[in-house]
Amino acid sequence: MDIEDFDEARQIVNAVEMGERGNFVDYFYEGKVDSFNTKPPLLVWLMSGSMYLFGKSVFSARLPSALMAIT
């Protein structure tokens, strides 16, 4: 299953690029600063951390949202 199928695909791309660049302040999308995403950065930080710990996969991208849903 592609990440493009998920509703938070743009946040996942932001998290991947955030981790690759090491810039945890700005959102990036396709190599450019993303001004489309105006949400607070907590979810993107958690996704980036999850992908750092568990590797780039659908599981690690969805894990922070799933954990927040059950709390």
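Leaving out residues up to four places away in sequence, M51 touches I12, A15, V16, K56, S60 and A61. The model in which these contacts are found is predicted.

M51 also belongs to the largest nonpolar core, which has 9 residues in all: I12, A15, V16, M18, Y27, V44, M47, M51 and A61. At least two residues of this core come from helix 1, and at least two come from helix 2. The most is given by helix 1, with 4 residues.

## Helix 1 against helix 2

Helix 1 covers residues 9-21, and its axis lies 8 Å from that of helix 2, at a packing angle of about 60°.

## Helix 2 against helix 3

Helix 3 covers residues 58-70 and packs on helix 2 at an angle of about 130°, with the two axes 8 Å apart. Roughly antiparallel would require an angle over 145, and roughly perpendicular one of 65 to 115, so the pair falls under oblique. Helix 2 and helix 3 are therefore oblique to each other. The crossing of helix 2 and helix 3 is right-handed.

From helix 2, the contact takes in L43, L46, M47, S50, M51 and F54. From helix 3 it takes in F59, S60, A61, L63, P64, S65 and M68. The residues of the contact of helix 2 with helix 3 divide into 10 nonpolar and 3 polar, with no charged residue.

## Residues of helix 3: S65 and V58

S65 is located in helix 3. Apart from neighbours within four places in sequence, S65 is in contact with E8, L43 and M47. S65 and L43 are 22 residues apart in sequence, while their C-alpha atoms are 7.6 Å apart in space. S65 counts as partly exposed because its relative accessibility is 27%, a value between the 20% limit for buried and the 50% limit for exposed.

V58 is another residue of helix 3. The relative accessibility of V58 is 33%, so V58 counts as partly exposed. V58 is 46 residues from I12 in sequence, and the C-alpha to C-alpha distance between V58 and I12 is 9.3 Å.

## G49 in helix 2

G49 is found in helix 2, which spans residues 42-54. With a relative accessible area of 30%, G49 is partly exposed. The C-alpha atoms of G49 and S35 are 22 Å apart in space, with a sequence separation of 14 residues.

E30 is found in the loop between strand 1 (28-29) and strand 2 (32-33). Phi of E30 is near 55°, which is a positive value in a residue other than glycine. Most residues other than glycine have a negative phi. The relative accessible area of E30 is 63%, so E30 is exposed; the cut-off for this class is over 50%.

F36 lies in the loop between strand 2 and helix 2. F36 counts as exposed because its relative accessibility is 61%. F36 and M18 are 18 residues apart along the chain, and their C-alpha atoms are separated by 15 Å.

Terms used:
Residues are numbered from 1 along each chain as its sequence is written. This is a predicted model: local features need pLDDT of at least 70, side-chain atom pairs count only at pLDDT 80 or more; totals for chains, interfaces and linings use all residues. Side-chain values use heavy atoms; hydrogens and water are left out. Buried means under 20% relative accessible area, exposed over 50%, partly exposed in between (1.4 Å probe, protein chains only). Axes are lines fitted to C-alpha atoms, for helices over the stretch in contact, and angles run from 0 to 180 degrees between N-to-C directions. Angles under 35 degrees count as roughly parallel, over 145 as roughly antiparallel, 65 to 115 as roughly perpendicular and the rest as oblique. A crossing is left-handed if the near helix is turned anticlockwise from the far one by less than a right angle, and right-handed if clockwise. Contact means heavy atoms within 4.5 Å. Ala, Val, Leu, Ile, Met, Phe, Trp, Tyr, Cys and Pro count as nonpolar, Asp, Glu, Lys and Arg as charged, and the others, Gly among them, as polar. A nonpolar core is a set of buried Ala, Val, Leu, Ile, Met, Phe, Trp, Tyr and Cys residues joined through side-chain atoms within 4.5 Å.
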